[in-house]
Structures are given as C-alpha cells and as structure tokens.
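Student: I'd like to learn how to read a model like this one. Can we go through it together?

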Amino acid sequence: MTTPFTPDVIEAIKRHMNDDHTDDALLIVRGLGGRPEATSATTSDVDGEAIEFAVDGGDTVRVPWGETLTERAQVRLAVVRLYREACDKLGVTARGEH
C-alpha cells in the first residue's frame, strides 16, 4: 500500500498513539477491528487507507479510515472518529460525551 505519509510522519503518529492513546487503540481494536477479546493494542503502521495495530503482542489488525487520507492533519480527526464509533459500538461513553 502506498502512503501519503513520510516514514518520519508515520513514526511520529505511531509514537504519539503508543505513548498517549493505548486505551483508545484498544477500544478501536475491540469495537471495529473484530477483536472484542483483545487485551492490548499498539499502533504498528499508518497509511492513507487504514491504521494498523499489533494486538496482544502478535496478530495485526487493520482498521480502515473510511476515506482515503492525503494529509497528516486528517489523521487526528480520523482517529477520533474511529474512537467514537468504537465507543458507540461497545456501549462505552467516549471522553467528553456525558
């Protein structure tokens, strides 16, 4: 898969997700990645079509963005959208929504 993101941008996104959003990643994997039993998820790759997670230290799960991303700024909005969709599917209250 080709990606609009440079290797440095991909590494920065992965680092940010893995440093600050591991709980969000796990919710996305459980709710949208077909792995409701997962206990851990780390961001392993990002491209214009999807975000990829290593689940429970092994399997890889790709979760599509739902649209093709062409700019780094779109990633944050896409991750937030996936997080909220996953929360809705799992019946979990998303942060900031009460």
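Student: Which side chain does a polar contact join to that of Arg-35?

Tutor: A polar contact is a pair of N or O atoms within 3.5 Å; within protein, one must be able to donate a hydrogen and the other to accept it, and residues adjacent in sequence count only if both atoms are side-chain atoms. Here the partner is Asp-59, at 3.2 Å. Some ground rules: this is a predicted model, where local features need pLDDT of at least 70 and side-chain atom pairs count only at pLDDT 80 or more, while totals for chains, interfaces and linings use all residues. Residues are numbered from 1 along each chain as its sequence is written, and side-chain values use heavy atoms, leaving out hydrogens and water.

Student: Is Arg-35 buried or exposed?

Tutor: Buried means under 20% relative accessible area, exposed over 50%, and partly exposed in between (1.4 Å probe, protein chains only). Arg-35 has 15%, so it counts as buried. Pro-36 has 56%, so it counts as exposed. Arg-35 lies in the loop between H2 and S1, and Pro-36 is found in that loop too, with H2 spanning 22-32 and S1 spanning 41-46. Helices (H or I, at least four residues) and strands (E, at least two) are DSSP runs, numbered from the N terminus.

Student: What does Phe-53 touch?

Tutor: Contact means heavy atoms within 4.5 Å. Not counting residues up to four places away in sequence, Phe-53 touches Ala-25, Ile-28, Thr-43 and Asp-59, among others. Thr-43 sits in strand S1 and is buried because its relative accessibility is 4%.

Student: Which residues have the most contacts inside the largest nonpolar core?

Tutor: A nonpolar core is a set of buried Ala, Val, Leu, Ile, Met, Phe, Trp, Tyr and Cys residues joined through side-chain atoms within 4.5 Å. The largest one has 28 residues, and Ile-28, Ile-51, Phe-53 and Trp-65 have the most contacts inside it. H3 gives the most to this core, with seven residues.

Student: How many residues does H3 have, and how far does it reach?

Tutor: The expected span of a helix is 1.5 Å times one less than its number of residues. H3 (72-90) has 19 residues and reaches 28 Å from first to last C-alpha, close to the expected 27 Å.

Student: Which residues of H3 are buried?

Tutor: An α-helix has 3.6 residues a turn, so residues three or four places apart point the same way. In H3, the buried ones are Val-75, Ala-78, Val-79, Leu-82, Tyr-83, Ala-86 and Cys-87. Their cover includes H1, H2, S2 and S3.
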